[in-house]
Amino acid sequence: MEERLYDLIFIARPATPEEEIKKVLSGIEHTCAEKGGKIEKTEYWGTRKLAYRVAKHREGIYVYQQIRTNHGELIAELERRLRVQDVVIKYLTVRLDEDLKRQKKLMGKREQRAARRPRRTQPAPPAAPEQTAAAS
Amino acid sequence: MAEEQKQAQAPSGAPRREGGSGGHGGPRREGGPSGGGAGGPGGRPRGKRQYFRKKKVCKFCVEKMDFIDYKRADILSQFVQERGKILPRRMTGVCSRHQRWLGVAIKRARNIALMPFAGSAAGTQAPRAVVPAAAAVEAPKA
């Protein structure tokens, strides 16, 4: 199985002390190390307003991570662990690599088109004066 | 002669004006001043859609975005109503491909409480950045 990139976001209760969040993070790290995954990025978004009430809270602490792994079971395991944790009120894992692959492909296509374009625009200017001459 | 022309046009103009007033604010507004003047004869026969509508362009195509990030709630919130409904393409002018991605991104963002689901209270909503084209379409209706 080829490598896959995942987004992992979880929301902790608004009044969670920092040690608790660190505990959750180290738990994730531990699971990743166990199952063969690498944490690419960890972002701490801080307290944000939630768009709707989650577990009777109107705001929550967002933590965002990117995980690269070969094993899909890792994500299942991480989700299971996050679900169990009391501090975490919501989490989301999204597979990102397919979208990024598509993005890369489209960007490549655009560059190709841009490289081709100069040739196509060159014949155009001579055509324009002809039209104006015919009109007059 | 001139009066006869006006009278002849008036009946033909009136029903059209009624028809136009159903959905669009444009024709009715233009019908008022043109009733007595010479503005009528030119535009009338061509149809009800004589008011100018700006051509909408896909915002994502303009910015050459190949990937719509679900984490950017500030971008996504431009394409939903206040209550969180995804705006249709005819309002925002987004191209079909980007609308498809946009829908996916908004749904992901809803899942992690970055965006409201349709129907949730507007209290937690950040002030919405107005899409100019969408606002122009919506304003006359309301």
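Predicted model: local features only at pLDDT ≥ 70, side-chain atom pairs only at ≥ 80, totals over all residues.
Is A:R80 buried, partly exposed or exposed, and what is its relative accessible area? A:R80 comes out as partly exposed, with a relative accessible area of 42%; here buried means under 20%, exposed means over 50%, and partly exposed is what sits in between, with a 1.4 Å probe and protein chains only.

Residues are numbered from 1 along each chain as its sequence is written, chains are lettered from A and ligands numbered from 1 in the order in which they are written, and side-chain values use heavy atoms, with hydrogens and water left out.

Chain A carries 4 helices and 4 strands, taken as DSSP runs numbered from the N terminus (helices: H or I, at least four residues; strands: E, at least two). Read from the N terminus, the order is β-α-β-β-α-β-α-α. Chain A has 136 residues, and 34% of them count as buried. Among its contacts (heavy atoms within 4.5 Å) with a separation of 6 or more, 75% link residues 24 or more positions apart. Chain A exposes about 8800 Å², with 50% of that supplied by carbon and sulfur atoms; the areas come from the Shrake-Rupley method with a 1.4 Å probe, and for residues only the protein chains shown count as cover.

On to the charged pairs. Side chains of opposite charge can pair when their charged atoms come close. The rule used is a side-chain nitrogen of Lys or Arg within 4 Å of a carboxyl oxygen of Asp or Glu, and it gives 14 salt bridges over all chains. In helix α2 of chain A (residues 72-84), A:E77 and A:R80 sit 3 residues apart, about one turn of the helix, and their side chains form a salt bridge at 3.3 Å, N to O. A:E77 also pairs with A:R81, with the closest N and O atoms 2.9 Å apart; these two are 4 residues apart in helix α2, again about one turn. A:E77 is buried at 15% relative accessible area, whereas A:R81 is partly exposed at 32%.

Another salt bridge brings together B:D66 and A:R110 (3.2 Å, N to O). B:D66 lies in the loop between α4 (59-62) and α5 (73-76) of chain B and A:R110 in helix α3 (residues 97-121) of chain A, so the pair joins two chains. B:D66 counts as buried at 5% relative accessibility, and A:R110 as partly exposed at 24%. Elsewhere, A:E3, A:K38, A:E40 and A:R68 are joined into one network by salt bridges that share partners.
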